[in-house]
Amino acid sequence: MKWFNTLSHNRWLEQETDRIFDFGKNAAVPTGFGWLGNNGQVRTDMGTHLWITARMLHTYSVAAGMGRPGAYALVEHGINALNGALRDKKYGGWYACVNDEGVVDASKQGYQHFFVLLGAASAVTTGHPAARPLLDEAINVIEKYFWSEEEQMCLESWDEAFSQTEDYRGGNANMHAVEAFLIVYDVTHDRKWLDRALRVASVIIHDVARKGEYRVNEHFDANWNPIRDYNQDNPAHRFRAYGGTPGHWIEWGRLMLHLRAALEARFETPPTWLLEDAKGLFHATIRDAWAPDGADGIVYTVDWNGNPIVRERVRWPIVEAMGTAYALYTVTGDPQYEAWYQTWWEYCIKYLMDYENGSWWQELDTNNEVTTKVWDGKQDIYHLLHCLVIPRLPLAPGLAPAVAAGLLDSLAK
């Protein structure tokens, strides 16, 4: 049974995409985009997080490129928030979290700043006049504080004044740097962003993860030595979980295939390991994380032997798995990837998609019942684009640039 690149499946994806866009617009608050609860209403107690606001700017830039009325206004809202309440006009960069009263968390987080970079680059594709100045400022901050020329990798975080940085180096932040770098390349055509993305992937995936059966290590010291027991006493951490986070393994696989496609679009021969390692990451995720305890779903974390630690089924890993299945099918034509894609969609419609309250549930327990051990609420809709929009696009250029170029559904027949 064929789904990929068919008009009928793409029409279904389009319908679900519109449902998600409609849900997400409720997040707009005066300071940016808020944290949506399970009922679709903003949780004011959570404040306005930089990563959510930047990701929603990216999301509605895609929506604007898809010709959705109202999306451009939300792009403008996101740009205004990043130029307003969330921006540190004294020291530069952006605050991690604010609320109506002021700054809640003044730290400067790499993970969050790379989403600013992504959101700004995506906004450029909408033609908004303030988007390119925002991107230029984001690039300046990344160049000055978060890209280390010495290490040829990304730093993790700084204090408010950019005077002290952590000794810790994080795989999660560097992965999202790769995601942002690819879109920045698409809108600036500056080759260095591809070089940087390739360098980061080579260190974290090809040099380290490949040697560990593709169980991706995300925690490193300042010399890029893996810290295998990091957060062992806090294994369900949202951003720095102990052990391996299989959702990131499979997400890395898709990003590496986008990088491969970007190099091919330049008529260059990409390193063969980009495809080899993407396959390895995909199959390692299935090996360790898909239904290891008998119930369907991708577990949140595993130990270094592949045994489940946090067994909850968080939404974003399976969403990323579907996007990577599509990417691997696009490159290889191997029907096993379409079969997995279909299996995972059947799981999502049975357990995750919430037609009563909107969007998708964020987390399920080992019985696939709604729970809140790791996440509480339906924070944003960013990850959902990776199973709803990416399977209708070529792998290069990236998401917002491809949609803006009119490539949506270009493969359908």
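## Pocket, annotated sites and core

The largest pocket holds about 270 Å³ of space. A pocket here is an open set of points on a 1 Å grid over the protein atoms alone, where a 1.4 Å probe fits and protein lies on both sides within 12 Å along at least five of seven lines, and lining residues have an atom within 4 Å of a point; grid points are joined across faces, edges and corners, and the volume is the space filled by probe spheres set on the points. Of the 17 residues lining the largest pocket, Trp51, Gln109, Tyr111, Gln112 and Phe239 are the closest to its centre. Helices H4 and H6 each supply at least two residues of that lining, where helices (H or I, at least four residues) and strands (E, at least two) are DSSP runs numbered from the N terminus.

This is a predicted model, in which local features need pLDDT of at least 70 and side-chain atom pairs count only at pLDDT 80 or more, while totals for chains, interfaces and linings use all residues. Residues are numbered from 1 along each chain as its sequence is written, and side-chain values use heavy atoms, with hydrogens and water left out.

The unreviewed UniProt entry annotates as "binding site" Arg55, Tyr111, Asn172, His176, Arg238, Glu251, Gln362, Gln379 and His383. Of these residues, Tyr111, Asn172 and Arg238 are included in the lining of the largest pocket. UniProt positions are given in the numbering used here, with feature names shortened, and annotations may be inferred rather than shown by experiment. Tyr111 belongs to helix H4 (residues 110-124), and its side chain forms a polar contact of 3.1 Å with that of Arg55; such a contact is a pair of N or O atoms within 3.5 Å, of which, within protein, one must be able to donate a hydrogen and the other to accept it, and residues adjacent in sequence count only if both atoms are side-chain atoms.

The same record, again as an unreviewed entry, places "active site" at His248 and His383. Although these two are spread over 136 residues of sequence, they cluster in space, with a largest C-alpha distance of 11.9 Å. His248 lies in helix H8, whereas His383 sits in the loop between strand E13 (363-364) and H12. The side chain of His383 makes a polar contact of 2.6 Å with that of Glu320. Beyond four places in sequence, His383 also touches residues including Arg55, Glu251 and Trp316, contact meaning heavy atoms within 4.5 Å.

The table gives relative accessible areas, for which buried means under 20%, exposed over 50% and partly exposed in between (1.4 Å probe, protein chains only).

| Residue | Relative accessible area | Class |
|---|---|---|
| Tyr111 | 11% | buried |
| Glu251 | 0% | buried |
| His248 | 6% | buried |
| His383 | 9% | buried |

The largest nonpolar core has 145 residues, among which Trp252, Trp345 and Trp360 touch the most other members. Helix H6 (residues 171-188) contributes the largest share of this core, 11 residues. A nonpolar core is a set of buried Ala, Val, Leu, Ile, Met, Phe, Trp, Tyr and Cys residues joined through side-chain atoms within 4.5 Å.

Some backbone details remain. The peptide bond from Ala396 to Pro397 is cis, with omega near 0°. Asn231 has a positive phi near 60°.
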